[in-house]
Amino acid sequence: MIDIKILRENPELIEESCKRRGMDIDVQKLVDIEKEYRALNQKVQELQAERNKLSKECKDNPDARVQVKEIKIELSEIEEKATVLKKDLDDGMGWLPNFLAPEVPDGYVDEDNKEIRKEGVVPSFSFERKDHQELGELLDIIDTKRGAKVAQAGFYYWKGKGAQLCSALFFWTQQQLVNRGFELFMTPCAAKEKTLFGTGYLPFFADQTYGLENEDLALIGTSEQTLVGYHADEMLKGEDLPLSYTSYSPCFRTESGSYGKASRGIFRVHQFHKVEQIVFCKPEDSHKYHLQCLDNEEYLLKKLGIPYRVVDVCVGDLGAPGYRKYDIEAYFAGFDGYREVTSNTNLTDFQSRRLGIRYKDKDGKKGFVHTISATAVTDRVVIAILENNQKEDGSIIIPEVLRPLVGFDVIEAPKK
RNA sequence: GGAGAGAUGGCCGAGUGGUCGAAGGCGCAGCAUUGGAAAUGCUGUGUAGGGGUAACUCUACCGGGGGUUCGAAUCCCCCUCUCUCCGCCA
């Protein structure tokens, strides 16, 4: 949510960021609604003041009762109008995107993202490489057919040593983050509209959400929703910040409208699994923790031996709630290219204003916290391991750091 | 699923029609005391919004929504949530 004072005093700033994002929003109309609402509200308050004053006189002045009754009628008419305007105002404010960091690259699609650096050595192969779909079937560790049979196309099973590898990766990642100062959570996998609105997923990503019938609940698209929502309507102590939370959860997304995109295998699915990083911090620190979350992501990929590149995400690929975003794209040998595995957004006070997450310092200074939302790992990292660590027969070398957890070094290919 | 109790400020908790934005406590801040601290004492301390250069002032808010009344934290109705007991259950 954008501070309504900015709408009032510097609407050109909002127009500018909408324009840069290519969003067609009538900011001026919103300014007018706000103005009208404020005038009406002022009138309401004047009448209320008069009413309050007169009611105090009622004990010894019977005429006052009659006057108050008249005021009440006038008041209810104006209040009715004000309520309508307030709703329009709230709806309009809910659709305003966050401001943009000045450094965000211009552009409309992911090809416009700016590469910051490349790390790791891209593996070379003396044989014909397979993609994860082929490897998954060969090794009997990914089952998309039965996923579709039991649930729907876009759902899948991890199985056997593949499932072991996933479990190990998620567990290991959580441990690494705990070692880096994060507190571990297990969260609800459903959340109500208020929470989804507050985190910015509504109204902007309404078509991505799996709602539950006859309930004010939807399956979470990410545990960001439940972790950030955790502190809704709370006043945090300044000295407790930053609060760094992590959790593992399934993530549900309808992915409507994305069928055209490269989606062989389980790269883009209706349910995936993610270890998330969330930071609540003071406004002046959000840039620092944004970079720290990025460092955590890079640390994990380096330990796992996965080559990657970091990109500075462009305006069009950023998402309305985001102020600045770094993606990491890992190298996938089967795809022979870099594809998104993590995404790390500084949301500034966009979510905290919607959710009412504030902090108070000992000296009484108050403000809205900033939030950082960053992926740690997802199933896609497992896919990268499969594709990059394959041998000619299709067997997979397990990354060293995960070997103690899975209890084997290789997922062996079946004998012919 | 059945029965009952409850929701008040950063937290706990009193308050059953006007003098209540709300006692008291905790917490927090300042001052005093101290070599320093603890303890103690005194003072201050809700949130959001409007108006004013400012001192200040007005409005709203006691889970949410509606109603009664000149006037509602308090009375009435609806909803949501929480807790306790019973049943069922991973």
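A polar contact is a pair of N or O atoms within 3.5 Å; within protein, one atom must be able to donate a hydrogen and the other to accept it, and residues adjacent in sequence count only if both atoms are side-chain atoms. By that rule, four residue pairs, both members at pLDDT 80 or more, are in polar contact across the interface of domain 1 and domain 2. The model described here is predicted.

- The domain assignment divides chain A into domain 1, residues 4-94, and domain 2, residues 110-411.
- Taken over C-alpha atoms, the centres of domain 1 and domain 2 are 42 Å apart.

**The interface between the domains**

- Contact between the domains involves five residues of domain 1 and nine residues of domain 2.
- The size of an interface is often given as the accessible area lost when the parts come together.
- For domain 1 and domain 2 the buried area is about 500 Å², and carbon and sulfur atoms give 52% of it.
- On the side of domain 1, the residues that lose the most area to domain 2 are Arg-20, Arg-21 and Gly-94, which together account for 85% of what that side buries.
- Although polar contacts are found across this interface, the rule finds zero salt bridges there.
- Helix 2 (11-21) and helix 4 (62-95) are the elements that give two or more residues to the side of domain 1 that touches domain 2.
- The residues on that side of domain 1 comprise two nonpolar, one polar and two charged.

**Salt bridges**

- In total, the rule counts 21 salt bridges.
- One of them joins Glu-34 to Arg-38, with the closest N and O atoms 3.2 Å apart.
- Both Glu-34 and Arg-38 belong to helix 3 (residues 27-57), where they are four residues apart, about one turn of the helix.
- Glu-34 counts as buried because its relative accessibility is 5%, a value under the 20% limit for that class.
- Arg-38, by contrast, is partly exposed, with a relative accessible area of 34%.
- Another salt bridge links the side chains of Lys-86 and Asp-90, at 3.1 Å from N to O.
- Lys-86 and Asp-90 are four residues apart in helix 4, so about one helical turn separates them.
- Lys-86 has a relative accessible area of 32% and is therefore partly exposed.
- Asp-90 is also partly exposed, at 38%.
- A further salt bridge brings together the side chains of Lys-274 and Glu-276, with 2.6 Å from N to O.
- Both Lys-274 and Glu-276 are buried.
- Glu-115, Lys-118, Arg-309 and Glu-329 form one network, joined by salt bridges that share partners.

**A buried serine**

- Ser-352 lies in helix 11 (residues 350-355).
- With a relative accessible area of 0%, Ser-352 is buried.
- A polar atom of the Ser-352 side chain lies 3.3 Å from the backbone oxygen of Asp-349.
- Apart from its neighbours within four places in sequence, Ser-352 is in contact with Ile-357, Phe-368 and Val-369.

How values were computed:
Residues numbered from 1 in each chain as written. Chains lettered and ligands numbered in written order. Predicted model: local features only at pLDDT ≥ 70, side-chain atom pairs only at ≥ 80, totals over all residues. Heavy atoms only, no water. Domains from an automatic or database assignment. Contact = heavy atoms within 4.5 Å. Buried area = accessible area lost by both parts, 1.4 Å probe. Salt bridge = Lys/Arg side-chain N within 4 Å of Asp/Glu carboxyl O. Nonpolar A, V, L, I, M, F, W, Y, C, P; charged D, E, K, R; others polar. Buried < 20%, exposed > 50% of the residue type's maximum accessible area, 1.4 Å probe, protein only.
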